[in-house]
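Q: I have a sequence and a structure to read. Please show me how to go about it.

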Amino acid sequence: MHFVDVGQGDGAIVVCDGKTLVIDGGTAENGAKMVEYLQNTLHVSKVDFVIGTHPHADHIGGLPDVIRACKVKKLYSPVDEFEAKTFETMKRAADDKKLKITVPQAGQSFSLGRAKVVPALALVRVGQRPDDLSYERTARKRAESLGIAIRPYELDEFAPQAAIE
């Protein structure tokens, strides 16, 4: 797992068994850093999966550069429509490459080599009342976010026998 310094925001790259996953890309001003790291440090020109975890500028702003510079097989986002210039720029870059934005469904996962990746829509906090205004804001914000679980391998396949028993 590689974390790229994209200033405010996030930019991570996971490589497993020759497969590549990009998680967020920081702001638009830092998209070139993501591309440079992919191409010059990791020597990657093909990205198997891109996940934009949240449709705000500090998460997806740099992803259009990644989409334009690399051959991306699949793009995940918690939404396929969002009224913001940054999201529209990402969507336009995807459209130009004939890349569809996929909103993951419950239980959906994909393989990144031997690793299993589960992008999941974030859940609303339990214990807040639906008639509470703060509950509504929290629900709306979390509905626009993806959480990601990466399971590197099956325990019984790679762990020493003593760890299983």
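Q: Is Glu81 buried or exposed?

A: Glu81 is exposed, because its relative accessible area is 51%. Buried means under 20% relative accessible area, exposed means over 50%, and partly exposed lies in between (1.4 Å probe, protein chains only). This is a predicted model, in which local features need pLDDT of at least 70 and side-chain atom pairs count only at pLDDT 80 or more, while totals for chains, interfaces and linings use all residues. Residues are numbered from 1 along each chain as its sequence is written, and side-chain values use heavy atoms, with hydrogens and water left out.

Q: Which side chain does Glu81 meet in a salt bridge?

A: Side chains of opposite charge can pair when their charged atoms come close. A salt bridge is counted when a side-chain nitrogen of Lys or Arg lies within 4 Å of a carboxyl oxygen of Asp or Glu. Glu81 meets Lys91 in this way, at 2.3 Å from N to O. The two belong to distant parts of the chain, ten residues apart: Glu81 is in the loop between β5 and α4 (85–96), and Lys91 is in helix α4. Helices (H or I, at least four residues) and strands (E, at least two) are DSSP runs, numbered from the N terminus. Lys91 counts as buried because its relative accessible area is 17%.

Q: How many salt bridges are there by this rule?

A: The count is five. One of them joins Lys73 and Asp48, 3.7 Å from N to O. This pair also links distant parts of the chain, with Lys73 in strand β5 (residues 71–76) and Asp48 in strand β4 (residues 46–51), 25 residues apart. Asp48 is buried, because its relative accessibility is 2%.

Q: What else does Lys73 touch?

A: A contact means heavy atoms within 4.5 Å. Leaving aside residues up to four places away in sequence, Lys73 touches Val47, Asp48 and Leu99. Lys73 and Val50 are 23 residues apart in sequence, and their C-alpha atoms are 8.2 Å apart in space.

Q: Where do Arg68 and Asp65 lie?

A: An α-helix has 3.6 residues a turn, so residues three or four places apart point the same way. Arg68 and Asp65 are both in helix α3 (residues 63–69), three residues apart, which is about one turn of the helix. They form a salt bridge, with the closest N and O atoms 3.2 Å apart. Arg68 is partly exposed because its relative accessibility is 46%, and Asp65 is partly exposed at 25%.

Q: Which residues of α4 are buried?

A: A helix can be read by its span and by its sides. The expected span is 1.5 Å times one less than the number of residues. Helix α4 has twelve residues and reaches 16 Å from its first C-alpha to its last, close to the 16 Å expected. Its buried residues are Phe87, Met90, Lys91, Ala93 and Ala94. They are on the same side of α4 because they cover an arc of only 160° around the axis, the arc being that of the directions from the helix axis to the C-beta atoms.

Q: What do the buried residues of α4 pack against?

A: They pack against α2 (57–60), α3, β5 and β6 (101–102). The face turned away from the buried side of α4 carries the exposed residues Lys85 and Asp96. Just after α4, Lys98 takes a positive phi of about 55°.
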